[in-house]
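Welcome, and thanks for taking a look at this one with us. Please have the chains in view as you read.

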Amino acid sequence: MISKQQISEIISKYDQENLAIATVCSHSSLQIFDGARKEGLKTIGICVGQPPRFYDAFPKAKPDEYIVVESYSDIPKITQELVEKNAIIIPHGSFVEYMGAKNFAELPVPTFGNREVLEWESDREKEREWLEGAGIHMPGNVPDPKDINSPVMVKYYGAKGGRGFFIAKTYEEFLENIDPNEKFTIQEFILGTRYYLHYFYSPLENEGYKLSEGTLEMLSMDRRVESNADEIFRLGSPRELEEAGIHPTYVVTGNVPLVARESLLPLIFSLGEKVVEESIKLFGGMVGPFCLETVFTDKLEIKVFEISARIVAGTNFYISGSPYADLVESDLSTGKRIAKEIKLAKDMGQLDKILS
Amino acid sequence: MISKQQISEIISKYDQENLAIATVCSHSSLQIFDGARKEGLKTIGICVGQPPRFYDAFPKAKPDEYIVVESYSDIPKITQELVEKNAIIIPHGSFVEYMGAKNFAELPVPTFGNREVLEWESDREKEREWLEGAGIHMPGNVPDPKDINSPVMVKYYGAKGGRGFFIAKTYEEFLENIDPNEKFTIQEFILGTRYYLHYFYSPLENEGYKLSEGTLEMLSMDRRVESNADEIFRLGSPRELEEAGIHPTYVVTGNVPLVARESLLPLIFSLGEKVVEESIKLFGGMVGPFCLETVFTDKLEIKVFEISARIVAGTNFYISGSPYADLVESDLSTGKRIAKEIKLAKDMGQLDKILS
Amino acid sequence: MISKQQISEIISKYDQENLAIATVCSHSSLQIFDGARKEGLKTIGICVGQPPRFYDAFPKAKPDEYIVVESYSDIPKITQELVEKNAIIIPHGSFVEYMGAKNFAELPVPTFGNREVLEWESDREKEREWLEGAGIHMPGNVPDPKDINSPVMVKYYGAKGGRGFFIAKTYEEFLENIDPNEKFTIQEFILGTRYYLHYFYSPLENEGYKLSEGTLEMLSMDRRVESNADEIFRLGSPRELEEAGIHPTYVVTGNVPLVARESLLPLIFSLGEKVVEESIKLFGGMVGPFCLETVFTDKLEIKVFEISARIVAGTNFYISGSPYADLVESDLSTGKRIAKEIKLAKDMGQLDKILS
């Protein structure tokens, strides 16, 4: 991984009055560009082949300029161009996925957030070490499928968008469905309702919900729309579908907005706080947006089944604010919050704290 | 219950140019405080032990000051402090639940709304008398479980958040699930989709949708997210779950926003109108926000299964307006609407009409 | 159908500085009136019997004046009054349904959009010819019910709001449910999640996502709430319900807002583009809002099962903007977009292009 030192040197040569943010034209780029523009930062869209036409329909989110690459794995080749333009990379989920984690780790361009989080987030065992170390309740792990004696969710490593995940209630059901060529984890299936909680951690000195260093915000939440699991019940129950050879899948196609019971906010903040504090201990701390993927049970407990340590697409509904962000300031998206953080760090002379 | 007369005397001594609103820090307090501040009213958060930290993350909704109690049942002890601060209590669902209905009824502090509604709302039989007296269609009551011959919902008295409710299609299924130690009602299960309709009734003379006295608004609507009923179908059908000894529950964890077919608005307003008019006859009228908990059937009929005679948490999504409230004025939450009502009544010299 | 020529003559006599928009008081009239007022156009509400009282609760959407008819089939009788008021009809789904397609086709009042689309949209076979001709993927047609060998959706012609639609997995299930007196189509049942995509096509020369002529926008999307299909799983699986003689129905009662994966936007725009381009070839082009009713599969394909060639009620949530429209301009509803189009066409001297 590129060192903090190298990044600091690059930043020290930047024209800080002409910072630009850059990201790949996908995932949550509309709000990243829109938010940057609202804060007066320049915007660079990185795209393959040619600029996507859909930005023409969203003038407020159209980047100031494009850098076209032949394939995302070519992003390292545009390093110099990005640095010349005083660019700060905003990595979203697709950014890392498209260019590859290794390429991303080495990219010698200042990047929003702490790149060391990648290693903790992309490995399900390290992720569990982090979250459980923080005192977070996760669905139990079932190391040996023979021990399945209640509903479990079987997940493949690196499965994109939940394709191939399946629920099993017994070892027999596990055997019927498992792909023996894939590495998997088996998690207790938590009965409840899914909430994806969108936090923002700033390591800067500021007003707000204070942690040991910096502040924590919770800007919005969503529920992912999963195809075909969300509507498959119209066709049959799990057993009826099984008989017909039809299998539910969990690919995310979009997001529905929602709010949580207000009485759960203390718990929601406490979960975010624990995760951040543990991240500071483990690897110097996450920075910026992160998402806890949770299930709220009927005991009003919150189980966390995963963490995303960057902006998630579930924030896309809230491009002009949310029922939570509106209580911070009007018209605040996660994309705009990122731009504000960059400006604030610049003004405080602390860009090093939020870039890596 | 404290008399209208006593409350009037307290109000008459208030410094009406320095009114404050006070509520318990939970449920819908973010929008109540945010709405009051937007209207220039002071805000007092009542909390147990210490001020909740989560307000630090939502500066616009942070109350101007806190009154800390040891337990919610101690709220009567802060009566004098509240009165000295010219406080008007905004009771939300948790407020009444936390301090107890009896304590609430006697609290000698001016309270937004008509406290007499409590008695009609908290007893399922009186609630039915009220709603059916108003000509509202409710799910049929099944007094004797032996008469169950179509799907029914069995509800326990005072069950918090729907825990323990269950669906039965036969007397046998009823017997299998019933807790013999609990008082219950059995309601016909209405097939349809749930809508929670957020109304506001003002007894003041004003422009708008006029009733025999005052005006009616419909500010927003939501669908409650119920754990674990909303997602349990992923695991199995009701019968498959029954076999596995797993039971659906109906605890509310949050709310999803939605809109209704516009052609249903005349019916929606007529339902609200009937309920208010009947409340005027029965006990001098509800005041302020109320919610009809309904099912819209595929015949486009609306069945009302419950009423909440105060602000409901389903309004929390709409802190900066809703598809309906935006047509009244911009940035209008139910919390802000309450603050506006207080200011209007004060300006008209009619605080007596909206406080009790 | 009334000729373009006749409409042009009427428009040429209009006082174009005093245009009014007129529509039937239902469906999406709140946003149509609100949007027109925001753009400074006069508004006329057409209603049966008497003005609906619910507008009194929504002052921003209350039309400037009403024209009362005895029944919607009497709308042709108010032609002269509408023309004298320089009215442009905004046809929504209920408008056409209430007054009848034939009456609508002949109405000698300038109407927003191209009335020729009706013939292509109201006949399921011509609709398929249009969409498949455009290269759109639709659910497969099963001409002979004996050929049912995977899940299908059986739809009746002209069924209002989905009443009577049913799913069958076999020919036997088809026979059990079919109403022999109704004309039906049988469509492959696509497993996935439903998205209703709200586009706007302007034939005018302008900035934006350019087509062969004019520009395309995608302003919002929703998921329809269907009674009782959306919640019937609480009672039983399809087979369990079948045994109990209970049938799911698909009547739309409202709409839930959502967003789609950003990586699907290029495909979403390409679908809209193909449909518009084909409409230009077939009948001179749709104009204004249209909706593709789709299913997103877990392969991230989009299947289109229907098109609505006018404003749909799913846009009603977005009366003050949407996560997409906000990137065009703030406070932009589809209703307001229609008003802007009329004003722009007037300013360009091209009302002929958008009225028929």
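Predicted model: local features only at pLDDT ≥ 70, side-chain atom pairs only at ≥ 80, totals over all residues.

Chain A has a mean pLDDT of 95, and 99% of its residues reach 70 or more.

**Chain B with chain C: extent**

- On the chain B side 53 residues are in contact with chain C, and they meet 44 residues of chain C.
- About 4,000 Å² is buried between chain B and chain C, with carbon and sulfur atoms giving 60% of that area.
- Three residues stand out here: Glu262(B), Asp298(B) and Leu327(B) supply 20% of the area that chain B buries against chain C, more than any other three residues.

- Six salt bridges are counted between chain B and chain C.
- In the salt bridge of Arg194(B) with Glu231(C), the closest N and O atoms are 2.7 Å apart.
- The count of residue pairs in polar contact between chain B and chain C is 23, with both residues at pLDDT 80 or more.
- Elements of chain B that give two or more residues to the side touching chain C include strand E8 (193-202), strand E10 (215-228) and helix H10 (265-283).
- That side of chain B divides into 30 nonpolar, eight polar and 15 charged residues.

**Chain A with chain C: extent**

- Here 44 residues of chain A are in contact with 52 residues of chain C.
- Chain A and chain C bury about 4,000 Å² between them, and 60% of this lies on carbon and sulfur atoms.

- Arg234(A) forms a salt bridge with Asp230(C), where the closest N and O atoms are 2.6 Å apart.
- Helix H2 (29-38), strand E10 (215-228), helix H9 (238-243) and strand E11 (250-257) of chain A each give two or more residues to the side that touches chain C.
- E11(A) gives the most to that side, with seven residues.
- By class, the side of chain A that touches chain C holds 19 nonpolar, 14 polar and eleven charged residues.

**Strand pairing across the chains**

- E12(B) runs antiparallel to strand E11 (residues 250-257) of chain C, joined by two bridges.
- Within that pairing, Ala260(B) has Gly254(C) as its bridge partner.
- E11(A) pairs with strand E12 (residues 259-260) of chain C, again over two bridges and in the antiparallel sense.
- In this case Asn255(A) stands opposite Val259(C).

Note on methods:
Residues numbered from 1 in each chain as written. Chains lettered and ligands numbered in written order. Heavy atoms only, no water. Contact = heavy atoms within 4.5 Å. Buried area = accessible area lost by both parts, 1.4 Å probe. Salt bridge = Lys/Arg side-chain N within 4 Å of Asp/Glu carboxyl O. Polar contact = N/O pair within 3.5 Å; in protein donor to acceptor, adjacent residues only side chain to side chain. Helix = DSSP H or I, 4+ residues; strand = E, 2+ residues; numbered from the N terminus. Nonpolar A, V, L, I, M, F, W, Y, C, P; charged D, E, K, R; others polar. Pairing = 2+ DSSP bridges. pLDDT = per-residue confidence, 0-100.
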